[in-house]
Amino acid sequence: MSGNAAPSAAQSNGISDKELIAQAQQAFENIRGELAKVIVGQDQAIEELIIAIFARGHCMLEGVPGLAKTLLISTLAKALHLSFKRVQFTPDLMPSDIVGTEVLQEDPVTKARVFKFLKGPIFANIVLADEINRTPPKTQAALLEAMQEKKVSIGNEEYKLDQPFFVLATQNPIDQEGTYPLPEAQLDRFLFKIFVGYPTDEEELEVMRRVASPAMANAEKGVRQVLNGEQIQAFQQLVLRVPVADHVLHYAKALVRATRPKEADAPDFIKEWISWGAGPRASINLIIAAKARAVLYGQFHVTCEDIDAVAKPVLRHRIACSYTATAEDITTEHVVEKLIESIPKDEKKPAARK
């Protein structure tokens, strides 16, 4: 599919949702194909990133250094034909380094001095906040405010951010000395927390072959544009129109409410392993992300399997394990897996919890 094959926001008015879904599914396959020219493996992380783009959500990516997180995001920006800015977060980074600042300039004609706003890197479609946990809370808060409000306030002026707008933040799970971990309330602003894992044996061999070859540079240059910003926004509107059956809504609600250890009917393992559970934003994000996944897989309805597929990236940063779980080497991954196994999927009546 070429960059013009998908509809623009204006063109989509004359196309049925069934046709739009077919085009979204094809775009999904083409994006993965373009990323595969540069990125080896990481299929799960790539799928979750694309789901987040269609669901209009920000992502936190976590993985050890050297797993091509930055390359993955920059290549995705090329395939989507979106402007891209990378900010390396450091302890001395200031909020103005992200959002921009006012400078005093002299008018060459009138000689009057006026303040002019110079936009920061936040004014891009995709902003990579590299190692976000290495900068102080004040700077983190400036970024998170822009994520939530989709605008920047400088003095008495407000500046709207370019749309579509995504913040893809990374953090290193090791070497935590001198870092400023994001509070749970701020982590909750991210639709997904995506784990970028080590490659398999065969994938690592392929990485070595590619990087040691002159073809690598040509591969990056050969990434085609699959979509553009207007087309992405048209697909985002399509996602919102996807219907969700009551039994799926009840299942998603049951899954989230079951993470709360103080609920009277919470499973026993939750009361033992979880110190606090997910809030209502998790329920909303489960449904929106599941809608986006359904569209990407060519469906115009959401299934419980779609909910299961996005449950881990939605919930893993919204629940906290207790000391008991930590001592037993139980992670949030284990908890979500056990929840998915224990919550019934009933297509006729609301799901009940064990």
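Trainee: With which side chain does the side chain of Tyr251 make a polar contact?

Mentor: This is a predicted model, and in it the side chain of Tyr251 makes a polar contact with the side chain of Lys345, at 3.3 Å. The cut-off for such a pair of N or O atoms is 3.5 Å.

Trainee: Why is Tyr251 called buried?

Mentor: Buried means a relative accessible area under 20%. Tyr251 has 0%, and therefore it is buried. Tyr251 belongs to helix H10, residues 246-257.

Trainee: Why does His58 count as buried?

Mentor: The relative accessibility of His58 is 6%, so His58 counts as buried under the 20% limit. His58 is placed in the loop between helix H2 (43-54) and strand S1 (59-62).

Trainee: What makes the polar surroundings of the side chain of His58?

Mentor: A polar atom of the His58 side chain lies 3.3 Å from the backbone oxygen of Met147. The backbone nitrogen of Val167 lies 2.9 Å from a polar atom of that side chain. Both pairs fall within 3.5 Å. Leaving aside neighbours within four places in sequence, His58 is also in contact with other residues, including Lys150, Phe165, Arg189 and Phe192.

Trainee: Why is Met94 called partly exposed?

Mentor: Met94 has 43% relative accessibility, which lies between the limits of 20% and 50%, so it counts as partly exposed. Met94 is found in the loop between strand S2 (84-88) and helix H4 (96-99). Met94 and Phe192 are 26 Å apart in space, C-alpha to C-alpha, and 98 residues apart in sequence.

Trainee: Which residues touch the most other members of the largest nonpolar core?

Mentor: That core has 83 residues, and those touching the most other members are Phe54, Phe192, Leu227, Leu255, Leu286 and Ile307. Helix H12 (residues 280-296) contributes the largest share of this core, 9 residues. Another core, of 26 residues, lies apart from it, and Val152, Phe165, Val167 and Leu187 are among its members.

Trainee: How is the packing of helices H13 and H15 described?

Mentor: Two packed helices are described by the angle between their axes and the distance between the axes. For H13 (residues 304-315) and H15 (residues 332-342), the angle is about 150° and the axes are 10 Å apart. The crossing is right-handed. Asp308, Ala311, Lys312 and Leu315 of H13 make the contact with Glu333, Val336, Glu337 and Ile340 of H15. By class, this contact has 4 nonpolar, no polar and 4 charged residues.

Trainee: Why is Asp329 described as exposed?

Mentor: Exposed means over 50%; Asp329 has a relative accessible area of 60%, and so it is exposed. Asp329 is found in the loop between helix H14 (323-327) and H15.

Trainee: What is stated about phi of Asp329 and of His81?

Mentor: Asp329 has a positive phi of about 65° although it is not a glycine. For His81, also a residue other than glycine, phi is positive and near 55°. His81 is found in the loop between helix H3 (69-79) and S2.

Terms used
Residues are numbered from 1 along each chain as its sequence is written. This is a predicted model: local features need pLDDT of at least 70, side-chain atom pairs count only at pLDDT 80 or more; totals for chains, interfaces and linings use all residues. Side-chain values use heavy atoms; hydrogens and water are left out. Helices (H or I, at least four residues) and strands (E, at least two) are DSSP runs, numbered from the N terminus. Buried means under 20% relative accessible area, exposed over 50%, partly exposed in between (1.4 Å probe, protein chains only). A polar contact is a pair of N or O atoms within 3.5 Å; within protein, one must be able to donate a hydrogen and the other to accept it, and residues adjacent in sequence count only if both atoms are side-chain atoms. Contact means heavy atoms within 4.5 Å. A nonpolar core is a set of buried Ala, Val, Leu, Ile, Met, Phe, Trp, Tyr and Cys residues joined through side-chain atoms within 4.5 Å. Axes are lines fitted to C-alpha atoms, for helices over the stretch in contact, and angles run from 0 to 180 degrees between N-to-C directions. A crossing is left-handed if the near helix is turned anticlockwise from the far one by less than a right angle, and right-handed if clockwise. Ala, Val, Leu, Ile, Met, Phe, Trp, Tyr, Cys and Pro count as nonpolar, Asp, Glu, Lys and Arg as charged, and the others, Gly among them, as polar.
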